Amino acid sequence: MSSGDGGRVALDPRVDLFAGSVAGIAALTVGFPFDTVKVRLQNPEFAYRYRSVWHAFTTIVREERVRGLFRGIASPLLTTAPLNGVVFAGYRFLLKMQLNRATDEPRLSQVTLAGIGTGLLASLVTSPTELIKIQQQSIITPPGLTAPTVQQVALDIWRRRGIRGIFRGIAPTAIRETGYGAYFGVYEAILMYLSRRRPTLSDEDTIEIVHTALPGEVAASKIRHSYPSLLLAGGMAGVASWVVTFPFDVIKTRVQSSLTTTADNPYRNMLSTIVTSYREEGFRVFFHGLKPTLIRAIPVNMVTFATFETVVRALS
């Protein structure tokens, strides 16, 4: 990503969007089996079937083949590109709004605030996407039988609940997505720390930090970092973002696992889900599925940043 002009490059938002979309698809493919295991462990209808993360993984493969681990992946794959567009464009816009000049260096508080705003915008896409995904992941289909398609599941939700059904679980999803604040904040904080530890790096072993969310003028003038630095920052940022908001991921999964909103459904809304879950299973219930999520977060975010930087470098 470097150039001959003092290490600066002209960043093209179209390159950011394309690279981010490719990175999102790669990361989704790597991490989706862990997501399926997480959803099964969080869903009270199926959690009793599995003794541990490994037992859930092997049971799904034994009963539903490897494709059972990837059931529901079509819905998020179809929305990966627009979701990354929302994330990158929204984050860049919100961060620029806080800067007096385009060349100003953003503070970590500004990075975090822009990340939170980005998460709220992204939830408009992730909420219906994950609703369909969770509905599919909650269907146990024995070998030889065909599971409902994305279109069939989406149409069934629309017929039963209309537009409100499509956006069921939007509140816990929005709160969970504020984890983008921790994500971008930790990522930038680690890179800032590493830049102080290693103020000078050789051209052969380094690439520029061109985080898609930063304004082009700022990103292009950042200190350069090695791939290991970017991978470390991305992995730790992914872990931090999940730890901060994971309880709301559990709540979201339980709300979206059921479409009924009648009084006899303990998971009819966010508040009833919190009360019922705590009353019946205690505080630990809000961290069901955390282990596979954290295991997934590190390689997924490493793949995300490695793929993104590789594509950007190739196109630049």
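**Reading exposure, core and ring pairs**

Author: Residue R65 has a relative accessibility of 51%, and because exposed means over 50%, R65 counts as exposed. Please note that this is a predicted model.

Reader: Where does R65 lie, and what phi does R65 have?

Author: R65 is found in the loop between helix 2 (53-64) and helix 3. Its phi is positive, about 70°, although R65 is not a glycine.

Reader: Is N43 buried or exposed?

Author: Buried means under 20% relative accessible area. N43 has a relative accessible area of 2%, so N43 is buried. N43 belongs to the loop between helix 1 (13-42) and helix 2.

Reader: Which residues is N43 in contact with, leaving aside its neighbours within four places in sequence?

Author: With those neighbours set aside, N43 is in contact with S138 and S257. The side chains of N43 and S257 are joined by a polar contact of 3.4 Å.

Reader: How many residues does the largest nonpolar core have, and which have the most contacts inside it?

Author: A nonpolar core is a set of buried residues joined through side-chain atoms. The largest one here has 18 residues, and Y91, F184 and Y187 have the most contacts inside it. At least two residues of this core come from each of helix 3 (74-97), helix 4 (108-137), helix 7 (180-197) and helix 9 (227-256). Helix 7 supplies the largest share, six residues.

Reader: How many aromatic pairs are there, and why is the pair of W242 and F246 edge-to-face?

Author: Two rings pair if their centres lie within 6.5 Å, and planes over 60 degrees apart count as edge-to-face. The count comes to seven aromatic pairs. The ring centres of W242 and F246 are 6.0 Å apart and the planes stand at 65°, so this pair is edge-to-face. Both residues lie in helix 9, four residues apart, about one turn of the helix. W242 and F246 are both buried. Elsewhere, ring pairs link Y180, Y183 and F184 into a cluster.

Key: Residues are numbered from 1 along each chain as its sequence is written. This is a predicted model: local features need pLDDT of at least 70, side-chain atom pairs count only at pLDDT 80 or more; totals for chains, interfaces and linings use all residues. Side-chain values use heavy atoms; hydrogens and water are left out. A nonpolar core is a set of buried Ala, Val, Leu, Ile, Met, Phe, Trp, Tyr and Cys residues joined through side-chain atoms within 4.5 Å. Buried means under 20% relative accessible area, exposed over 50%, partly exposed in between (1.4 Å probe, protein chains only). Rings of Phe, Tyr and Trp (its six-membered ring) pair if their centres lie within 6.5 Å; planes under 30 degrees apart count as stacked, over 60 as edge-to-face and the rest as tilted. A polar contact is a pair of N or O atoms within 3.5 Å; within protein, one must be able to donate a hydrogen and the other to accept it, and residues adjacent in sequence count only if both atoms are side-chain atoms. Contact means heavy atoms within 4.5 Å.
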